[in-house]
Amino acid sequence: MSAQDQDHQDNSTHFGYQTVDKTEKESKVASVFHSVAAQYDVMNDLMSFGVHRLWKRFTIDASGVRPGNKVLDLAGGTGDLTAKFSQLVGKEGQVVLADINSSMLNVGRDKLRDRGLVQNIDYVQANAQHLPFEDNTFDVITIAFGLRNVTDKDEALRSMYRVLKPGGRLLVLEFSKPEQELLTKAYDFYSFNILPKMGELVAKDGESYQYLAESIRMHPNQETLKEMMETAGFEHTTFKNLTGGIVALHKGYKF
Amino acid sequence: MYQQFICAVLESVINKALTLSLNGNKGLSSLDQKCLVVQLSELGFPLSFIICDGKVLVTSMDEHPDCSIHTSIKTLVELKKDQQVTELIKQDKLNIVGDIKVAQQFAQLAETLDIDWQTELAKHIGDVPTFKLTQLGKKLANKLGFAARQIEADSTEWLVHEKRLVVPRSEISSFNLQVSELDIRTEALTEKFAKLNALLSDNKE
């Protein structure tokens with residue numbers, strides 16, 4: 001491999017099945033989420049048949065969050081996890097809803113304010129790779145269906161590790177590899193044939209949902225993500241497959 | 001993930017009931033941020049009830065509760081019937097750890113739930129259909145109750161008297177009494193034999 005090829009590989013990343021320049025991915029992902037933000041919750045319910053609510057509940061149950069904790073809901077989008085965390089940490093605690101995308105953040109903020117959740121929530125537009133927080137700030141960090149859209153996942157994990165308090169835990173909820181061959185086939189058919197059509201019909205944007213299906217396939221599998229977390233410094237790293245491995249919850253601690 | 005499903009269903013049912021209750025959710029303010037964990041032996045996972053801003057959150061986390069109850073659904077029914085907490089604790093059917101006042105406040109909250117179902121139904125289908133439906137419901141309940149009592153009586157008759165597969169309680173008590181009397185008589189007889197033996201051995205000497 002020539003030095004030029006090596007250099008090109010270092011600066012390139014995936015955007016679905018396309019290989020794009022690292023600097024380009026951020027803007028492409030941003031345009032996807034600007035486009036789907038308004039219909040994001042409806043589409044989530046439709047695409048997952050409402051099961052995403054159970055995946056998120058599972059994450060909250062696994063977080064071990066308690067009153068007074070400081071929680072970072074990274075790539076928090078429309079604030080599903082933030083809403084529950086805000087209630088669980090109480091008045092003494094704090095939840096930061098962070099997302100790189102201003103449209104998603106606005107939808108999330110409006111939704112939470114409409115539900116009367118204002119006391120202990122802060123909103124921050126932030127890039128997961130360069131979190132604008134001091135070292136050792138949070139007791140719990142969650143990133144639900146966000147890590148696969150991050151340009152440099154390793155850097156993002158290191159950044160999360162830095163802002164996590166010793167004893168704190170990171171929970172990564174993300175699409176993963178189904179455990180059964182039959183489920184994989186059914187899931188592939190659904191993702192590439194039905195999902196984009198649903199996106200076209202409901203959100204008037206089939207391309208973004210085509211990207212969603214492709215980005216899921218390009219995302220590291222359960223074991224690889226576990227290793228990535230360990231490389232970033234996380235300890236006692238485990239994962240739990242949900243719905244046959246369509247989604248996995250990874251958990252790691254900072255000691 | 002059935003745990004999360006059960007928690008989600010419970011949470012929405014409880015909060016809906018609180019919204020419909022004539023007493024509202026006034027009782028919740030004193031319980032703000034309090035956590036009650038109920039571990040039912042039939043479920044195999046904890047149910048954690050946390051009060052936050054006038055709502056009840058249901059999760060399956062069991063960390064740091066204010067009060068924790070280990071019991072079974074059957075015992076909970078008994079508890080509701082007879083208010084016999086101490087007796088159930090003695091029998092190891094109920095185990096309460098933590099601030100019992102929190103559990104009592106939660107129980108009180110459940111008891112004060114008062115929903116006017118007829119008014120709620122009338123909002124959706126109108127007054128006359130609600131009235132008719134309520135009447136029909138009452139009639140059905142009466143008939144079903146009568147049928148249930150009839151079936152119970154008939155099956156008891158068949159099991160106890162016709163087929164003699166089940167022994168009635170009175171017969172068991174009578175049998176127990178007979179056994180006790182027999183036991184007393186046997187003991188008296190044993191004593192008599194012992195005395196006779198002693199007498200015989202004295203005579204031989």
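This is a predicted model: local features need pLDDT of at least 70, side-chain atom pairs count only at pLDDT 80 or more; totals for chains, interfaces and linings use all residues.
Residues are numbered from 1 along each chain as its sequence is written, while chains are lettered from A and ligands numbered from 1 in the order in which they are written.

**View 1. The overall build of chain B.** Chain B holds 7 helices and 5 strands, where helices (H or I, at least four residues) and strands (E, at least two) are DSSP runs numbered from the N terminus. Read from the N terminus, the elements of chain B follow the order α-β-β-β-β-α-α-β-α-α-α-α. The radius of gyration of chain B is 29 Å, well over the 17 Å of the globule rule for 205 residues, so chain B is more spread out than a compact globule; the radius is taken over C-alpha atoms, and the rule is 2.2 Å times the number of residues to the power 0.38. Along the principal axes, the C-alpha atoms of chain B fill a box of roughly 100 × 50 × 30 Å. Buried residues make up 15% of the 205 residues in chain B, a residue being buried if 20 or more other C-beta atoms lie within 10 Å of its own, exposed if 12 or fewer, and partly exposed in between, with C-beta atoms placed from the backbone. Among the contacts in chain B with a separation of 6 or more, 60% are between residues 24 or more positions apart; two residues are in contact if their C-beta atoms, placed from the backbone, lie within 7 Å.

View 2. In chain B, 5 strands form an open sheet of mixed pairing in the order β3-β2-β1-β4-β5, two strands being paired if DSSP finds at least two bridges between them. Its edge strands, each pairing on one side only, are β3 (55-59) and β5 (95-98) of chain B. From one strand to the next the twist averages 20°, with axes fitted as lines to C-alpha atoms, for helices over the stretch in contact, and with angles running from 0 to 180 degrees between N-to-C directions. Strand β1 (residues 35-40) and strand β2 (residues 46-52) of chain B are joined in the antiparallel sense over 5 bridges, and Val37(B) has Ser48(B) in β2(B) as its bridge partner. Helix α1 (residues 2-20) of chain B packs on this sheet, where it touches β2 and β3 of chain B, and its direction makes about 165° with that of β3(B).

**View 3. The surroundings of Phe106(B).** Phe106(B) lies in helix α4 (residues 100-111) of chain B, and Phe106(B) is buried, with 21 other C-beta atoms within 10 Å. Leaving aside neighbours within four places in sequence, Phe106(B) is in contact with Leu36(B) and Phe49(B).

**View 4. The contact between chains A and B.** The contact takes 13 residues from chain A and 15 residues from chain B. On the side of chain A that touches chain B, the elements giving two or more residues are α4 (51-63) and α5 (80-89) of chain A, and the largest share, 6 residues, comes from α4(A). By class, this side of chain A has 6 nonpolar, 3 polar and 4 charged residues, where Ala, Val, Leu, Ile, Met, Phe, Trp, Tyr, Cys and Pro count as nonpolar, Asp, Glu, Lys and Arg as charged, and the others, Gly among them, as polar.

**View 5. The helix pair α4(A) and α5(A).** The axes of α4(A) and α5(A) come within 10 Å and cross at roughly 40°. Lys56(A), Thr59(A) and Ile60(A) in α4(A) meet Asp80(A), Leu81(A) and Lys84(A) in α5(A), and the residues of this contact divide into 2 nonpolar, 1 polar and 3 charged.

View 6. Strand β6 (residues 138-144) of chain A pairs with β7(A) in the parallel sense over 6 bridges, and Ile143(A) has Val172(A) in β7(A) as its bridge partner. Met104(A), which is in helix α6 (residues 102-114) of chain A, counts as buried with 25 C-beta neighbours inside 10 Å.
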